[in-house]
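Please walk me through this model in short questions and answers.

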Amino acid sequence: MDVFRYLAPESVEETLQLLDEGAGGVKVLAGGTDLLVQMKERGLRPGLVLDVAGLHELRGIRMEGKYVWIGPLTTHWDLAHSALIREHGLALAQGASKVGSPQIRHRGTIGGNIANASPAADTVPPLVVLEAEVELRSLNGSHWLPVESLMEGPSRTALRPKELITGVRFPHRAPGSRSQYEKFGSRQALSIAVASVAVAAVQEKGRFARVRIALGSVSPTVVRATRVEEILTGEALGEDLIAQATASVAQQCRPIDDVRGSAWYRCQLVEALLARILLCWGEEWMAG
Ligand SMILES: Cc1cc2nc3c(=O)[nH]c(=O)nc-3n(C[C@H](O)[C@H](O)[C@H](O)COP(=O)(O)OP(=O)(O)OC[C@H]3O[C@@H](n4cnc5c(N)ncnc54)[C@H](O)[C@@H]3O)c2cc1C
């Protein structure tokens, strides 16, 4: 690892000032579980590292009007164990609970997982189906952007070098709505997703409404399965519908062959993971 400057700013304003002066050679350090690996093993050489871990205003989970607000420094551990997240966005708690290992979940943050923009990131499919947005702040002001629009490619986001993620939010749970995340990795812990599926939907008089499905590790970014969303919308859950939905989901993927699995295997996995979610919901819907 090369020599670099390290600063721990004491406020968001100071962080934004330093990002503004740094002209792209600056990297924000949150939990460091991605950044330090990239600096040690993948040749990333920032001139200045800004450690924001002490900025307590960027941590926490709370209701803000019609949204659940999450500070970007909130760890996966805290997300997975939050009653508010489990109540309003179960898929996100499930995604966070499947990241790495207990050590990684205690250090790794939701902001880092989003900014790192891996197609295998475990919080991103849940955030996409929950219609989550991120607040991007710079010295010029702030704006909210859907997580779905932020992702531009593997390790590429719409986040500009002078911007900091200062908040993540998603609408609170509507009556009758639910969400679920399923991941397949090659072992129980410390396993990057070979494929993953998140689904959120509202049940209205026994039929699907507001269906959102996101797929991980099967395209250069997390992608929506919009064709499958259309198939499910307005329909009652049953065996034929599940068969139709799962038969279509692989068409929404552009997977690659790599050490973790072949493209063919990944397509089989998304079908199986989607079927698992829908079968599980079917049993509960029928039970009332
Ligand atoms: C052994 C191991 C296992 C892992 N397993 C998984 C896994 O199963 N699933 C999974 O999804 N991930 C996994 N990861 C990846 C990593 O733990 C997560 O992506 C984690 O959430 C990153 O958060 P962090 O706080 O450590 O980010 P950092 O490493 O501190 O930062 C990551 C990137 O985000 C940027 N960043 C961080 N915070 C902000 C902010 N507020 N504003 C702007 N930019 C910001 C940084 O500049 C950097 O580019 C694993 C990593 C390791 C080392």
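In what follows, Ala, Val, Leu, Ile, Met, Phe, Trp, Tyr, Cys and Pro count as nonpolar, Asp, Glu, Lys and Arg as charged, and the others, Gly among them, as polar. The model is predicted: local features need pLDDT of at least 70, side-chain atom pairs count only at pLDDT 80 or more, and totals for chains, interfaces and linings use all residues. Residues are numbered from 1 along each chain as its sequence is written.

Q: How do the residues of the shell around the ligand divide into nonpolar, polar and charged?
A: The ligand is surrounded by 29 residues (near means a C-beta atom, placed from the backbone, within 6 Å). The closest are Gly 31, Gly 100, Gly 108, Gly 112 and Asn 113. The division is 15 nonpolar, ten polar and four charged.

Q: Which element gives the most to the shell around the ligand?
A: Helices (H or I, at least four residues) and strands (E, at least two) are DSSP runs, numbered from the N terminus. At least two shell residues each come from strand E2 (26-29), helix H2 (35-41), H6, helix H7 (110-116) and strand E10 (164-171). The top contributor, with five residues, is H7.

Q: Which domains each supply at least three residues of the shell around the ligand?
A: The chain is assigned domain 1 (5-51), domain 2 (56-170) and domain 3 (178-286). Those bounds come from an automatic or database domain assignment. At least three shell residues are drawn from each of domain 1 and domain 2.

Q: Which helix provides the largest share of the side of domain 1 that touches domain 2?
A: The centres of domain 1 and domain 2, taken over C-alpha atoms, are 18 Å apart. In domain 1, 13 residues are in contact with 17 residues of domain 2 (C-beta atoms, placed from the backbone, within 7 Å). The largest share, six residues, comes from helix H1.

Q: Why is helix H5 largely enclosed by the rest of the structure?
A: A residue is buried if 20 or more other C-beta atoms lie within 10 Å of its own, exposed if 12 or fewer, and partly exposed in between; C-beta atoms are placed from the backbone. What covers the buried residues of H5 includes helix H3 (76-80), helix H8 (124-129) and strand E12 (195-204). H5 is largely enclosed because the buried residues number six of the eight.

Q: Is Phe 208 buried or exposed?
A: Phe 208 sits in strand E13. Beyond four places in sequence, Phe 208 touches Ala 201, Gln 203, Leu 232, Thr 233, Gly 234 and Glu 235. With 23 other C-beta atoms within 10 Å, Phe 208 is buried.

Key
Two residues are in contact if their C-beta atoms, placed from the backbone, lie within 7 Å.
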